Amino acid sequence: MFFSSRRATIALAAAGLASIATAASAQMEIKLMAPAAPGGGWDATARSMQQAMVAAGAAKSVQVTNVAGAGGMVGLAQFVNAAKGDGSQLMVNGFVMVGAIILNKSPVTLDMVTPIARLTAEAEVIVVPANSPIKDAKDLAAAVKADPAKVTWAGGSAGGVDHIMAALFAGAVGADASKINYVPFSGGGEALAALLGGRVTAGLSGWSEFEGQIKAGKLRAIAVSSGNRLADNPTPTLKEQGINLEVINWRSVVAAPGISADQKKALADAIDKMVKSPAWAEVLKQRGWDDAYLSGPAFDAFLKSEMTRVADVMKAVGLVK
């Protein structure tokens, strides 16, 4: 009887604490930075989080700001310097920022922020304008192999996943990766405009960023970079077309430097509540993103391992020495 009563007391206490935590997160007013121009993957992630966090009761409000430039380096520097100790601020980041830090030899790095969680993973898609003579990945491979400098690629910031994939593509088809002609844009909207204007040969990004123009018949999707085809999507993989290459982009969220353990827990709990909500599940479905949720020490370790892995890849393809 004593133990039953004690268990009941503990259960009630736990329920009470959970209720308090839920109520606390529901009152959070979050400032969320997308360190890129509107229209790209980080912007889409931030605005999807804005909707899902409020819908899930993980925050009272979420204010999104865009700070574009240098693969997120402008935003990262601003975040590290201006948000220090502020437990109400978050910033979206990912594979692209890891590469940009290395390429720009940035003195400000992800070691200076507080890791919270990895959120999504997404395959890359290669597109060409609808009137392009390039019909598939084999045609693009032939053009790159003939002269990599004549094939212009549009994508996100220099050193990011799009840039790295273009270099890996050149290497995979037997061309000199150090001679690729890559045109970086600070946001997906600008890259899309270059493609639709016929100013570049091919474009690289996540499927969701090009989906509307592909369905409208203005862009032709010639390959995806995943190991298997995307669900309900006929676009062949690179491997199906004889090109041994697989690249997956990931995105995550970090908090400001110098926050307390309680502040970090409150933000981590809010993100945990969001990713387990029906609202976030609907975001993943609509965007075509894979659930790559990883938090706590496992995410800390992942982030450090990615810094090493991406640096090794960039050296191998000649993007850095």
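Phenylalanine 169 is buried, with a relative accessible area of 0% (buried means under 20%, exposed over 50%, partly exposed in between; 1.4 Å probe, protein chains only). The model is predicted: local features need pLDDT of at least 70, side-chain atom pairs count only at pLDDT 80 or more, and totals for chains, interfaces and linings use all residues. Residues are numbered from 1 along each chain as its sequence is written, and side-chain values use heavy atoms, with hydrogens and water left out.

**Aromatic pairs**

- The count comes to 3 aromatic pairs (rings of Phe, Tyr and Trp, the last by its six-membered ring, with centres within 6.5 Å; planes under 30 degrees apart are stacked, over 60 edge-to-face, the rest tilted).
- Tryptophan 153 and phenylalanine 169 have ring centres 5.5 Å apart and planes at 65°, so this pair is edge-to-face.
- Tryptophan 153 lies in strand β5 (residues 152-155) and phenylalanine 169 in helix α6 (residues 161-172), so the pair ties together parts 16 residues apart in sequence (helices, H or I of at least four residues, and strands, E of at least two, are DSSP runs numbered from the N terminus).
- Tryptophan 250 and phenylalanine 302 also pair edge-to-face, at 5.0 Å centre to centre and 75° between the planes.
- Tryptophan 250 sits in strand β9 (residues 248-255) and phenylalanine 302 in helix α11 (residues 296-316), so this pair links parts 52 residues apart in sequence.
- Tryptophan 250 is buried at 5% relative accessibility, and phenylalanine 302 is buried at 17%.
- One aromatic cluster is formed by Trp250, Phe299 and Phe302.

**Packing of helix α2**

- Helix α2 (residues 41-55) and helix α9 (residues 261-275) have axes that come within 9 Å and cross at roughly 90° (axes are lines fitted to C-alpha atoms, for helices over the stretch in contact; angles run from 0 to 180 degrees between N-to-C directions).
- That makes α2 roughly perpendicular to α9 (65 to 115 degrees; under 35 is roughly parallel, over 145 roughly antiparallel, the rest oblique).
- Met49, Ala52 and Met53 in α2 meet Ala270, Ile271 and Met274 in α9 (contact means heavy atoms within 4.5 Å).
- Helix α10 (residues 278-287) packs on α2 at about 150°, with the axes 8 Å apart.
- α2 and α10 are therefore roughly antiparallel.

**Serine 208**

- Serine 208 is located in helix α8 (residues 207-215).
- Serine 208 is buried, at 18% relative accessible area.
- Beyond neighbours within four places in sequence, serine 208 contacts Glu122, Arg287 and Trp289.
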